[in-house]
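Trainee: Please take a close look at one part of this model for me. I would like the open space first, then the helix packing around it.

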Amino acid sequence: MRAVADTIFLALARLGPAGLSPKAPGTVGSAVAALAAPWLFAPLSLPWRVAVLAVLFVIGGLSATRAERVLGCRDPSSVVVDELVGQWITLLPLGLISVPGPAAGPAEAPLCLLAAGFCLFRLFDIWKPGPIYASQEWLPAGWGVMIDDVLAGVFAAPLLAGLAFVFAAAA
């Protein structure tokens, strides 16, 4: 029987049921993160967003490491906490540039930017150009699971900021 701690760490690593999706659990995890962002992430000030991301990285690294051990494989597809962190890094520019249009949630996050951020993050997370792919080997265990999604978010965020600037200038 699995220990209570294992169950908790697996739930965190999987973002509850999101990682148990039979098809494309990473995409489902990213979608959950993008949909939750206007309520849980975007309303925060920039320093608080960065602090939340740092805490989530630590929690994600610990839970992904434990999930690898419990599930007996490297980077299990059900572990999607890395998508949460990478997606929210991508969405970090939200609220820094005001963009008109239909919004989602209390943060007034424009739907077009949420959708663009989701697509940009998934592009870099799946494609894994250059250092994103290599980064998986930089850190051990669950930390390697986390870092490639962090870099995918770092690559996607400036593109999203550029799109937000263009949309704001065009309005």
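Mentor: Five nonpolar, two polar and eight charged residues make up the lining of the largest pocket. This is a predicted model, so treat every value here as computed from it. The pocket's volume is about 170 Å³. Its lining counts 15 residues. Nearest the centre lie Asp 75, Ser 77, Val 79, Asp 82 and Glu 83. Four helices each give at least two lining residues: helix 2 (25–40), helix 4, helix 5 (111–127) and helix 7 (141–170). Helix 7 supplies the largest share, three residues.

Now the packing. Two packed helices are described by the angle between their axes and the distance between the axes.

Start with helix 4. The crossing is left-handed. Helix 3 brings Val 52, Leu 53, Leu 56, Phe 57, Gly 60 and Ser 63 to the contact. Helix 4 answers with Val 81, Leu 84, Val 85, Trp 88 and Ile 89. By class, that contact has nine nonpolar, two polar and no charged residues.

Next, helix 7. On helix 3, the contact uses Leu 56, Phe 57, Val 58, Gly 60, Gly 61, Leu 62, Ala 64, Thr 65 and Glu 68. On helix 7, Ala 141, Gly 142, Trp 143, Val 145, Met 146, Ile 147 and Val 150 meet them. Eleven of these residues are nonpolar, four are polar and one is charged.

Last, helix 1, residues 4–14. Helix 1 packs on helix 3 at about 115 degrees, with the axes 8 Å apart. The crossing is left-handed. From helix 1 come Ala 5, Asp 6, Phe 9, Leu 10, Leu 12, Ala 13 and Arg 14. They meet Ile 59, Leu 62, Ser 63, Ala 64, Arg 66, Ala 67, Val 70 and Leu 71 of helix 3. This contact divides into eleven nonpolar, one polar and three charged residues.

Definitions and conventions:
Residues are numbered from 1 along each chain as its sequence is written. This is a predicted model: local features need pLDDT of at least 70, side-chain atom pairs count only at pLDDT 80 or more; totals for chains, interfaces and linings use all residues. Side-chain values use heavy atoms; hydrogens and water are left out. A crossing is left-handed if the near helix is turned anticlockwise from the far one by less than a right angle, and right-handed if clockwise. Contact means heavy atoms within 4.5 Å. Ala, Val, Leu, Ile, Met, Phe, Trp, Tyr, Cys and Pro count as nonpolar, Asp, Glu, Lys and Arg as charged, and the others, Gly among them, as polar. Axes are lines fitted to C-alpha atoms, for helices over the stretch in contact, and angles run from 0 to 180 degrees between N-to-C directions. On a 1 Å grid over the protein atoms alone, a cavity is a set of points where a 1.4 Å probe fits but cannot get out, and a pocket is an open set with protein on both sides within 12 Å along at least five of seven lines; lining residues have an atom within 4 Å of a point. Grid points are joined across faces, edges and corners, and a volume is the space filled by probe spheres set on the points.
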